[in-house]
Amino acid sequence: MKYISTRGKAPALSFGDVLLAGLASDGGLYVPETLPNYSKEEIATWASLSYQDLAFKVMWPFVEGDIPADAFKTMINDAYASFNHASVAPMVQIGNNEWILELFRGPTLAFKDFALQLLGRLMDYVLSERKEKLVILGATSGDTGSAAIEGCRHSEYLDIFILHPYERVSEVQRRQMTTVIDDNVFNIAVKGNFDDCQGMVKSSFADQSFLKGAKLGAVNSINWARIMAQVVYYFSSALSVGAPHREVSFSVPTGNFGDIFAGYLAKKMGLPIDQLVVATNQNDILHRVISENDMSRKSLNVTLSPSMDIMVSSNFERLLFDAHGRDGSTIDDLMARFNKGDVSLTDQAWSFVRENFDSYKVDDTKTCEVISDVFKSTQYLLDPHTAIGLEAARQCWKNKSVPMITLATAHPVKFPEAVEKAGCQIPMLPEHMKDLFERKESYEVLDNSLDDVQAFVSKNI
Ligand SMILES: Cc1ncc(COP(=O)(O)O)c(C=O)c1O
Ligand SMILES: N[C@@H](CCOP(=O)(O)O)C(=O)O
């Protein structure tokens, strides 16, 4: 499998190189040159597989040639061994044909663990083969940070620096990152927002001179391996409700567009998906572009669903690449214009996006209402991101005979403010985190300055 950049100017790379490169050298994102495509008959044979065996089936074509099969199987088994449910990604039915896909059963209680538990192992494998080390620079609006730290902290090949927006993540999220006191883990609170943090990461890929010869890697979903691992649970959940013999729909709380892009890939690989619903909070650029062809940036709101407080949605570029006939120079030009100001899509590209996605925006008041109503009627406690997904599912669902699966992207214990505002009781922290509020924290607060951040990294590698 070869991978090409969405901007068409970087060299095509193998899986191992893409894994370590993170962002392409032309500023684009890597995507597979071609996708495997499976018949319904073949997908049907996967219904009885364990999550781990299914993960191998789905991901193998993407890594074949770079990672030996046995080593890959071991990595998959180890990655999901710490999840606290036997089926890894369990489904809960909360209404007629209405399902919640619980993606928060991993060590840091968010869907990020699916990819980041594997990514750390994949990086370790490739780096040990090549006898290389990597400096990881990541940006988080709350969940990627702790999942990445958890996935990389034991590595002898990785130093990891995570930027989070100062005072804009929940206290549980912050402590999950800042209480990991390991020699190779560095947390930086940037006095800015998530887009500022993500912008610094991307700029650092463009000019790596501050690293004095060390190599930079990515743990955000700009890294193709993140997306690859997230494709698996679309298959597992769909198979559990009768696919491929029937269609299924998904609603996905969306920020950086990585998770739902994985759903779009599952569809292209042959999974019969009727609807893919993009659910946003007040930071609604994706809803605006899908519903009105308005891709203008607005100032970022602080919401009760902080992990989705994102305006510059990295993975949308991967979709735009397909929407523009995979023409890298068009994307290069489009992204340059987007970085300078507002853009809208051509009619053809916009139609492509609308054929593949529905969208809905949910504000904080409605988010709390949904948490409260669902708890009263089912005793099931949603986290605010999942509540947004569920409300969008209900608003956009076209054919009620098609099962609608809402991705539960985080555990509610991470967002006590929203749970409390919804009038529900805050759940207990799980056993492995029960002393989180007593643990010692360590992090650096820096101004919203690329120079300051790069100087800190350079001093500590
Ligand atoms: C809890 C939660 N829900 C949803 C999202 C949005 O996912 P994505 O950025 O892949 O669209 C995030 C962050 O990425 C998250 O942490
Ligand atoms: N919501 C994310 C933001 C980063 O997104 P990623 O999927 O690109 O890593 C977070 O919680 O950090």
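Let me start with ligand 1, which is surrounded by 15 residues, and the closest are Lys-112, Asp-143, Gly-255, Asn-256 and Thr-409. A residue is near a molecule or strand if one of its heavy atoms lies within 4 Å of it. Before going on: this is a predicted model, where local features need pLDDT of at least 70 and side-chain atom pairs count only at pLDDT 80 or more, while totals for chains, interfaces and linings use all residues. Residues are numbered from 1 along each chain as its sequence is written, chains are lettered from A and ligands numbered from 1 in the order in which they are written, and side-chain values use heavy atoms, with hydrogens and water left out.

Now the polar contacts of ligand 1, a polar contact being a pair of N or O atoms within 3.5 Å; within protein, one must be able to donate a hydrogen and the other to accept it, and residues adjacent in sequence count only if both atoms are side-chain atoms. Gly-255 has a polar backbone atom 2.8 Å from an oxygen atom of ligand 1. For Asp-259, a polar backbone atom is 2.9 Å from an oxygen atom of the ligand. With Thr-409, an N or O atom in the side chain is 2.8 Å from a nitrogen atom of ligand 1.

Next, ligand 2. Which residues come nearest to ligand 2? There are 13 residues around it, and Thr-140, Asp-143, Thr-144, Ser-221 and Ser-307 come nearest. An oxygen atom of ligand 2 is 2.8 Å from a polar backbone atom of Ser-141, and a backbone N or O atom of Gly-142 lies 3.5 Å from an oxygen atom of the ligand. The side chain of Ser-221 has an N or O atom 2.6 Å from an oxygen atom of ligand 2.

On to the helices. Helices (H or I, at least four residues) and strands (E, at least two) are DSSP runs, numbered from the N terminus. Axes are lines fitted to C-alpha atoms, for helices over the stretch in contact, and angles run from 0 to 180 degrees between N-to-C directions.

Helix H9, residues 224-240, and helix H10, residues 258-268, have axes that come within 8 Å and cross at roughly 60°. That makes H9 oblique to H10, since angles under 35 degrees count as roughly parallel, over 145 as roughly antiparallel, 65 to 115 as roughly perpendicular and the rest as oblique. Where they meet (contact means heavy atoms within 4.5 Å), H9 contributes residues including Trp-224, Ile-227 and Phe-235, and H10 residues including Asp-259, Phe-261 and Leu-265.

For helix H4 (residues 69-81) and helix H5 (residues 112-130), the axes come within 9 Å and cross at roughly 140°. H4 and H5 are therefore oblique to each other. Among the residues in this contact are Phe-72 and Met-75 of H4, and Leu-118 and Tyr-125 of H5.

Helix H12 (residues 316-323) packs against helix H14 (residues 347-356) at an angle of about 115°, with their axes 9 Å apart. Phe-316, Leu-319, Asp-322 and Ala-323 in H12 meet Ala-349, Phe-352 and Val-353 in H14.

Last, the backbone. Most residues other than glycine have a negative phi, and most peptide bonds are trans. Asn-97 has a positive phi of about 65° although it is not a glycine; Asn-97 lies in the loop between strand S3 (91-95) and strand S4 (98-102). A cis peptide bond, with omega about 5°, joins Ala-243 and Pro-244, and Pro-244 is found in the loop between H9 and strand S9 (248-253).
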